Amino acid sequence: MNASVNPPESNLQLLTELQSSGLRLAEPQAAGPSRRGGAGPSDHKAVVINGVTLMVPVHTHGAHQSAFVAGAPDAGGVSLLKHGSIPVAQIAFAKTPRFYALQTLDGVPYSHIATLHGTDVLATTVLQTCIRYESRKKACKFCAIGQSLAAGRTVERKTPEQLAEVARAAVLLDNVKHMVLTTGTPSTPDRGAAILCESARAIRRAVALPIQAQCEPPDDDVWFERMRDAGIDTIGMHLEVIGEAERARIMPGKATVPVSRYMEAFEAAVRVFGRGQVSTYILAGLGDTPQIILDVARRLLAIGVYPFVVPFVPISGTPLEDLAPPTPEFMRAVLAPLGAMVREAGLRADEIKAGCGKCGACSSLSSFEKVAA
Ligand code: SF4
């Protein structure tokens with residue numbers, strides 16, 4: 001493709017605007033796989049833009065009206081990104097991974113067991129049900145963990161053997177570099193730590209692949225040692241929202257575990273996994289001001305926790321589907337100072353062994369880390 005590329009703004013501005021506005025696809029079928037439903041951020045697609053992999057909303061209401069449109073990819077998989085009629089960049093979409101063509105002996109497609117995130121991360125929700133999600137009164141209003149299960153695109157409980165089989169194939173066929181094991185929260189007091197341990201043990205027996213496990217803080221900090229001993233390299237415990245009133249409104253079930261318990265658990269986990277190998281996910285745009293987010297990020301960095309701040313993506317079919325995502329200005333007001341803070345604390349994304357902070361595709365934080373003065 002030889003179209004002239006003339007970005008009207010700096011790359012950082014383009015990244016935050018694209019992630020906030022979403023993207024229309026001229027030929028959705030030609031642009032490869034995207035993700036709908038599931039735990040965590042969704043309804044988006046991996047796009048490589050100026051060397052950075054970014055998850056960009058494509059299935060949200062906002063994305064359908066976005067001024068950003070991607071043309072049909074050429075034979076090399078490159079597509080022209082336009083803002084209105086103005087070309088702004090050349091982009092590439094993540095290719096459909098080869099392991100998606102396989103299935104287990106009992107007929108479960110590998111893509112129902114784990115999926116490719118970004119361009120080199122294998123991700124799965126080990127347990128696709130959650131005690132929080134069972135009632136509308138307790139469910140996190142941004143979450144779609146039940147949607148992909150209801151649509152038959154995943155299985156409820158991925159066995160350790162299935163995960164090991166798919167991880168091995170994804171490494172051999174698609175060169176994945178690390179793996180994210182997340183889970184819905186079971187009713188047991190370990191909050192899912194035990195099934196994450198079982199899963200990691202089986203995966204590590206099959207293949208050398210760094211693993212991040214994600215769960216709510218378990219009842220007993222001894223679980224962090226068990227998780228490390230099972231072969232888990234990094235851990236994510238996700239605050240999502242910080243202010244007490246916002247937590248109670250947006251995630252009434254999860255808010256019963258106070259931020260203070262997360263902070264204790266972070267300290268205990270850093271003692272086991274090391275500085276920078278413990279992280280949290282914070283969703284910007286759900287009521288917390290930039291100041292509140294930056295204040296908590298400062299506390300997290302001081303104890304060695306990587307604060308992965310991500311723009312909220314309103315997922316179709318959830319109670320927050322009509323909430324506007326944060327503006328690019330809001331994201332820059334958070335990410336510019338945060339990038340500098342992360343750098344000063346010496347906890348850079350590329351030094352994380354595995355997981356969302358390392359992948360970084362759901363936020364442009366790691367790009368801000370690189371340019372922060
Ligand atoms: S940041 Fe995490 S949730 Fe987002 S694409 Fe990467 S691995 Fe998946």
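# Group meeting talk: a walk through a predicted model

Hi everyone, let's start at asparagine 50, which sits in the loop between β2 (44–49) and β3 (52–57). Helices here are DSSP runs of H or I with at least four residues, strands are runs of E with at least two, and both are numbered from the N terminus. Asparagine 50 has a phi near 50°, a positive value in a residue other than glycine. It counts as partly exposed because its relative accessibility is 48%; the scale calls a residue buried under 20% relative accessible area, exposed over 50%, and partly exposed in between, with a 1.4 Å probe and protein chains only.

Residues are numbered from 1 along each chain as its sequence is written, and side-chain values use heavy atoms, leaving out hydrogens and water.

How confident is the predictor? pLDDT is its confidence in each residue, from 0 to 100. The protein has a mean pLDDT of 91, and 93% of its residues reach 70 or more. Please be careful with residues 1–9, where pLDDT stays under 50. For that stretch the model has 17 contacts beyond four places in sequence, a contact meaning heavy atoms within 4.5 Å.

Just after α1 comes glycine 22, with a positive phi of about 80°.

Alanine 67 belongs to the loop between α2 (61–64) and β4 (68–70), and it counts as partly exposed because its relative accessibility is 33%. Leaving out residues up to four places away in sequence, alanine 67 touches Arg24, Lys82, His83 and Gly84.

Now for the interior. A nonpolar core here is a set of buried Ala, Val, Leu, Ile, Met, Phe, Trp, Tyr and Cys residues joined through side-chain atoms within 4.5 Å. Which residues touch the most other members of the largest core? Among its 109 residues, those are Leu23, Leu81, Phe142, Phe224 and Met227. Helix α8 (residues 259–273) gives the most to this core, with ten residues.

Valine 278, in strand β12 (residues 278–284), is buried because its relative accessible area is 0%. Beyond four places in sequence, the contacts of valine 278 are Ile235, Phe266, Ala269, Val270, Phe273, Gly304, Val305 and Tyr306.

Next, a polar spot. Where is arginine 132? You'll find it in the loop between β8 (121–125) and α3 (145–150). At 9% relative accessibility, arginine 132 counts as buried. Its side chain makes a polar contact of 2.9 Å with the side chain of glutamate 216, and it also reaches the backbone oxygen of glycine 253 at 3.4 Å. A polar contact is a pair of N or O atoms within 3.5 Å; within protein, one must be able to donate a hydrogen and the other to accept it, and residues adjacent in sequence count only if both atoms are side-chain atoms.

Cysteine 143 is in the loop between β8 and α3 as well. It is buried, with a relative accessible area of 14%, and its C-alpha is separated by 9.2 Å from that of proline 314, which is 171 residues away along the chain.

Last stop, the ligand. Which residues are around it? They are Met55, His117, Val121, Val180, Tyr281, Phe308, Cys356, Cys359, Ala361 and Cys362, where near means that a heavy atom of the residue lies within 4 Å. By class, that shell has nine nonpolar, one polar and no charged residues. The classes are Ala, Val, Leu, Ile, Met, Phe, Trp, Tyr, Cys and Pro as nonpolar, Asp, Glu, Lys and Arg as charged, and the others, Gly among them, as polar.

Val180 from that shell is also in contact with glycine 355, as are His178 and Gln212, leaving aside neighbours within four places in sequence. Glycine 355 lies in the loop between α10 (328–345) and α11 (356–359), and at 0% relative accessibility it counts as buried.

Notes. pLDDT is the predictor's confidence in each residue, from 0 to 100.
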